[in-house]
Amino acid sequence: MMPQQSPAPSAWQRFQTAWGLPNLDGKGRFVTANLIDSLGNGLVVAFTVVFFVKTTTLSLVAVGAALTAGQLLALPFPLIIGHQLDKYGPRLVVGAGNWVSVAGFIGFQFSHAAWQIVLWQCVVQLGSTAFWMGNSPLTVLVAQGAERARWFGFVRAMRNVGVGFGGVVSAVALSIGTVAGLRTVMVINAVTFAVAGWLILTLRGADTGAAAGAEPDEPKPVRPEQAADEPTRQPSAGYLIVLKDTRYLRLVATNIAFVFASTVISVLLAVYAVDNLAVDAWIVGAIVVLNAAMVALLQTLASRWIESRSPVTVLVLALLFNAAAFVVFGTLLVLPGWAVVVGLLIAMVLYTVGEMLGSPPTSELSVVMAPEHVRGRYLGVYQMSWSIGAAVAPALLTALLEGGAALPWMFLAAISVLSVPLVIGLGRPPTDTGRAGPARDTSPAERFGGDPVD
């Protein structure tokens with residue numbers, strides 16, 4: 001009998017393999033929802049300030065202050081959302097997050113006073129936080145134990161494409177300039193977010209119990225009546241269990257370095273290059289486009305490379321690439337004019353490589369290092385590193401820049417290098433037996449630093 005030969009891969013399958021894309025079969029709802037959220041966020045980031053300036057009588061300064069206040073009000077919510085993740089699972093939290101954002105966008109339409117902008121911006125930020133807190137564990141469940149690094153890289157690439165395209169759409173809308181046109185764009189954004197929420201809520205095959213191998217009929221309300229020999233009563237311990245997990249806190253501390261690094265383009269780069277390096281603004285725009293294009297085109301290829309390597313090794317490389325980029329940015333102050341542009345390009349390439357290497361493993365480890373039954377609490381603490389870091393970075397980095405043009409780059413390079421020992425510490429398997437099964441929903445053996453967790 002002649003042995004059966006497997007069919008030759010299709011052109012699309014060969015393309016997926018070549019570009020490091022995950023297997024997208026049956027994942028259309030999840031992919032579409034992520035793309036809608038990325039497009040919407042890209043539009044909102046570039047659109048909201050002008051929307052309120054055009055549709056209210058408030059000044060630009062008042063609008064900016066109100067939006068910032070709304071974001072600050074939302075800072076504690078990751079801890080609350082963490083409880084909801086543990087109770088309801090990521091699918092419901094992500095879908096609800098989209099619909100909460102819809103409520104915020106509708107509220108934008110009826111906002112005329114500063115306090116109303118504060119309120120609805122807080123609601124929008126709450127929805128966005130719920131989406132991103134739940135999307136990482138949902139990505140793990142959608143991946144079903146295979147190609148996790150590729151999935152996280154793919155989501156990251158989609159986000160960059162969406163943010164860029166959303167910015168283009170917002171620029172077109174702003175060129176129209178009429179209040180009716182601006183309101184129409186906001187309505188369209190609300191409708192698309194509502195569709196994204198429906199897509200996630202109707203997603204099948206991504207329930208925690210099914211993917212995790214957990215008992216699907218385990219009733220959460222009777223947890224206090226569980227067997228007395230349970231290792232720990234984590235749900236009743238609240239966030240104390242996370243604060244006792246020093247290994248996970250190392251990841252959170254490391255992520256703060258990545259959070260600060262992620263604000264370089266939005267907070268530091270333009271003012272530094274234009275004011276301190278005397279570079280034309282269009283050059284800054286060009287290197288920002290270079291960053292977005294590299295992530296959009298190469299992130300999935302980077303993820304293909306990442307998936308066969310230890311997350312610890314990849315994170316160390318990401319931190320070192322970041323540190324090298326910040327050193328180059330800082331040394332541009334002493335270079336002659338002709339070399340500054342070349343130096344900016346080199347620094348941006350190094351920075352972008354660090355970004356592409358750092359994003360998938362941090363997102364993945366934030367999920368798989370957390371015990372499944374209290375994963376929401378862990379992700380609540382992890383998200384706080386994003387929320388607090390993003391709130392502190394603009395004030396701190398601009399203050400350092402005011403004190404000396406090289407100071408912010410020295411600070412960023414230092415925290416990147418100092419985070420390396422924290423990452424290396426993640427390579428040690430946990431000694432607490434209650435931590436032995438954080439990621440049984442994803443693969444037979446999770447590897448940190450090359451060693452199985454258990």
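Of the 68 residues in the largest nonpolar core, the ones touching the most other members are Tyr 248, Phe 326, Phe 329, Leu 344 and Leu 412. Helix 16 (residues 337-368) supplies the largest share of this core, 10 residues. Apart from it lies another core, of 19 residues, including Val 63, Val 102, Leu 182 and Ala 190. A nonpolar core here is a set of buried Ala, Val, Leu, Ile, Met, Phe, Trp, Tyr and Cys residues joined through side-chain atoms within 4.5 Å. Buried stands for under 20% relative accessible area, exposed for over 50%, and partly exposed for values in between (1.4 Å probe, protein chains only). Helices (H or I, at least four residues) are DSSP runs numbered from the N terminus, as are strands (E, at least two).

The model is predicted, with local features needing pLDDT of at least 70 and side-chain atom pairs counting only at pLDDT 80 or more, while totals for chains, interfaces and linings use all residues. Residues are numbered from 1 along each chain as its sequence is written, and side-chain values use heavy atoms, with hydrogens and water left out.

Tyr 248 is in contact (heavy atoms within 4.5 Å) with Val 242, Leu 365, Ser 366, Met 369, Ala 370, Tyr 378, Leu 379 and Tyr 382, leaving aside neighbours within four places in sequence. Leu 344 leads on to Val 279: the two are 65 residues apart in sequence and 9.9 Å apart in space, C-alpha to C-alpha. Val 279 lies in the loop between helix 13 (264-276) and helix 14 (281-306), and is buried at 8% relative accessible area. With neighbours within four places in sequence again set aside, Val 279 is in contact with Ala 273, Val 274, Val 284, Val 340 and Leu 344. The loop between helix 13 and helix 14 also holds Ala 278, which is exposed, with 66% relative accessibility. Ala 278 has a positive phi of about 55°, although it is not a glycine.

Val 191, found in helix 8, is partly exposed at 48%. Among the buried residues of helix 8 are Leu 182, Val 185, Met 186, Ala 190 and Phe 193. The end C-alpha atoms of helix 8 are 33 Å apart, in agreement with the 33 Å its 23 residues should span at 1.5 Å a residue, the expected span being 1.5 Å times one less than the number of residues.

Salt bridges (a side-chain nitrogen of Lys or Arg within 4 Å of a carboxyl oxygen of Asp or Glu) come to a count of 2. In one, Arg 377 pairs with Asp 86, the closest N and O atoms being 2.4 Å apart. Arg 377 belongs to helix 17 (residues 375-403) and Asp 86 to helix 4 (residues 77-88), so that distant parts of the chain, 291 residues apart, are linked. Both Arg 377 and Asp 86 are buried. Arg 150 forms a salt bridge with Glu 307, with the closest N and O atoms 2.8 Å apart. Arg 150 is buried at 10%, whereas Glu 307 is partly exposed at 35%.
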